[in-house]
Every structure is written in structure tokens, then in C-alpha cells.
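Dear colleague,

I am passing the structure below on to you. My notes on what was found follow it.

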Amino acid sequence: MFTGNGIKIFTGTSHPELAEIITRRLGVPLGKADVTKSGVGETHVFITESVREDDVYIINTGCGEINTALMEVCIMIHACKIASAKRITAVLPLYPYARQDKKDKSRAPITAKLVANMLQKSGCDHVITMDLHASQIQGFFDVPVDKWLYAEPSAIQYIRSNFDLSDIVIVSPDAGGAKRATSMADRLGVDFALFHKERKKANEVSRMVLVGHVKDKVAILVDDMADTCGTLCLAAQHLSEAGAAKVYAMVTHGILSGNALKNVEQSSLEKLIVTNTLPQAENVAKCSKIEVIDIGNVLAEVIRRSHYGESVSKLFDEVPY
């Protein structure tokens, strides 16, 4: 039984709804903290309750005003550290700057590494995140990082509940996501296909080539994030042209920026299924094709197991109830 003794959970301003879901699942109150912004844009944080010798979890995700969200986490970690918290864990459902994970051109920064340094220097002892864009980001930290595909079991459960497995094929929209897609396909016992794509520039795809058979199948595109949805919508069009009966897309992080909602609405996608690692209420209201899977229970169980020193590896394969 989870008693909640010695644990405190705080949230920044980026996704308080998810923090409420997590604390409600755990049966503990959300920690009291005042997070405000001054007239010149400075973030002010005041922790209004004692955290001395407590196990502290700070929840904020990488969306909206992302620089503000990142500074909120760092300042809250620092505030708890100098207030004598026993251990501080940053819970970042979407890791900020995850796509800037390598030096891909001259004089380009590795900003994901900089974010790791900022969190550690602030006093972070542990990081919990979901579906990192690149696994090597774990190596940027000298503290434990729980980053495994916690969203995958939730996605598999959704597919088993809503589709006939004999009719589906799992499709990766690019070669980079092949490992994720093949893992899901193997666990479901279904076929797999992928696209080879060539980009003119970032966020703009010039050509996509389908590798695999999708004729008369229900194709499910899987990816870690959807930003402008250009790739997903183009992939859906190619799948329809290749004879797929229906096309769905499942992503962990529904960023949905720019014309993403318009692109999805006008595409051949039946649905775009996302998780609530980012706030989605506004997107659902604007686009009838968006459906949301709640992963708050998964993050709550990770926090519970982390607090009691239990293994979290069980969550790589099944959804907690």
C-alpha cells in the first residue's frame, strides 16, 4: 500500500493536468509551490511547504514556452536542494531539446547535452522521461535516467483492444523508427513495413519509398513524436495509394505545431492517437481525428516504484492497473 510518507510532488506551469492525474492516482496531494513570472520575464519559484529529507518529484514537460518550462524545473530543483530535500527527481515526459542530440553540422550545438548539464548542476539526482528521441541522451547524464518505452505497452494495449490483429501492419515512417516499430510488431505478432525518406531540409520531406506490403491491411504508423505532421500525412497518403484499407497513426508526443491539425484533418488518416505527455485538450477540441491515451497511471507507477526502490523493468512490458 502506498502511504505517501516522505514523498512530495510538485509541478511547473507546462502541464499541471498531468501532475493532477499522477497525484490522484498515487493518492497524495500536489505539493504547494508558487511559480510566477516577473514583468521582465524572470521566473520566480517559492516552495511553500517543507521538503527537508523528503523524496521530491518535479513534473514539467517540454512544450509551450519551452525555455520557461526548463528554467522552472531547474529553479525548483535548486530550491528543493538548498531546502535539504533528500533526493530530487525531474519527471520530464517530453525531454526538452531532445532533437538537438548531435553535432550534425559545423558550429551546431548539442543542446540536449546542455540541458542535461543544467539539470545536474541544479541538483537533480534522477531523471524520469518517456520515449527519448535518441537513446544516447542517457549518456549525457551522470545520474540515473529512466527513459524506456513506457508508452509502448499502452499503445499495444490500445491496438489489442481496438483492432483485429489479423488485419493490421505496423509501419515506421522512417528508418530511424524501425526499431520501435519492429518491437511493437513482434510483440503483437503482426507484419511490419517502413518508409525510406529523403529530406530537402528539416521538417520538409521530398520523397518517400515504401518497403513492405500493406494492400488490404489496416496500416498503423508509429513514431515517437509528431510536430508539423508533414511526414505522417505524406506517409498516410502513400499507404492509401499502396492499397491500405485504412491508415492510423500512433505517436507518444503530440507536439502538433504550425498547420499540424489542419494537415491531419485533411489527410487520409482515420485517427492520430497521441499520449498526454503534452496537454491535448485544445487539440482534441480543434481536430476530430485526435484521440488521447492517458499515460498518467504509468508515470505514477514509475514514481511509486522509484520511491520504494522497486524495479521498474516490469513496466517495459505491461500497463499498470
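The lining of the second largest pocket comprises seven nonpolar, four polar and two charged residues. Please bear in mind that this is a predicted model.

Two cavities of 30 Å³ or more are present in the structure.

The largest cavity has a volume of about 140 Å³. It is lined by 16 residues, with A151, A155, M250, V251 and T252 the closest to its centre. Five elements supply at least two lining residues each: the helices α4 (151–162) and α5 (178–188), and the strands β11 (218–226), β12 (246–254) and β13 (271–275). Of the elements around the largest cavity, α4 gives the most, with four residues. Sorted by class, the lining of the largest cavity holds nine nonpolar, three polar and four charged residues.

The second largest cavity contains about 30 Å³ of space.

Last, the cysteines. How many disulfides does the model have? The count comes to zero, where a disulfide requires two cysteine sulfur atoms within 2.5 Å. For C74, the closest cysteine sulfur belongs to C124 and lies 8.8 Å away, so the two are too far apart for a bond. The result for C124 is that it takes part in no disulfide, its nearest cysteine sulfur being that of C74 at 8.8 Å.

Are C74 and C124 buried or exposed? C74 has a relative accessibility of 6% and therefore counts as buried, because the cut-off for buried is under 20%. C124, at 5% relative accessibility, also counts as buried.

Regards

Methods
Residues are numbered from 1 along each chain as its sequence is written. This is a predicted model: local features need pLDDT of at least 70, side-chain atom pairs count only at pLDDT 80 or more; totals for chains, interfaces and linings use all residues. Side-chain values use heavy atoms; hydrogens and water are left out. On a 1 Å grid over the protein atoms alone, a cavity is a set of points where a 1.4 Å probe fits but cannot get out, and a pocket is an open set with protein on both sides within 12 Å along at least five of seven lines; lining residues have an atom within 4 Å of a point. Grid points are joined across faces, edges and corners, and a volume is the space filled by probe spheres set on the points. Ala, Val, Leu, Ile, Met, Phe, Trp, Tyr, Cys and Pro count as nonpolar, Asp, Glu, Lys and Arg as charged, and the others, Gly among them, as polar. Buried means under 20% relative accessible area, exposed over 50%, partly exposed in between (1.4 Å probe, protein chains only).
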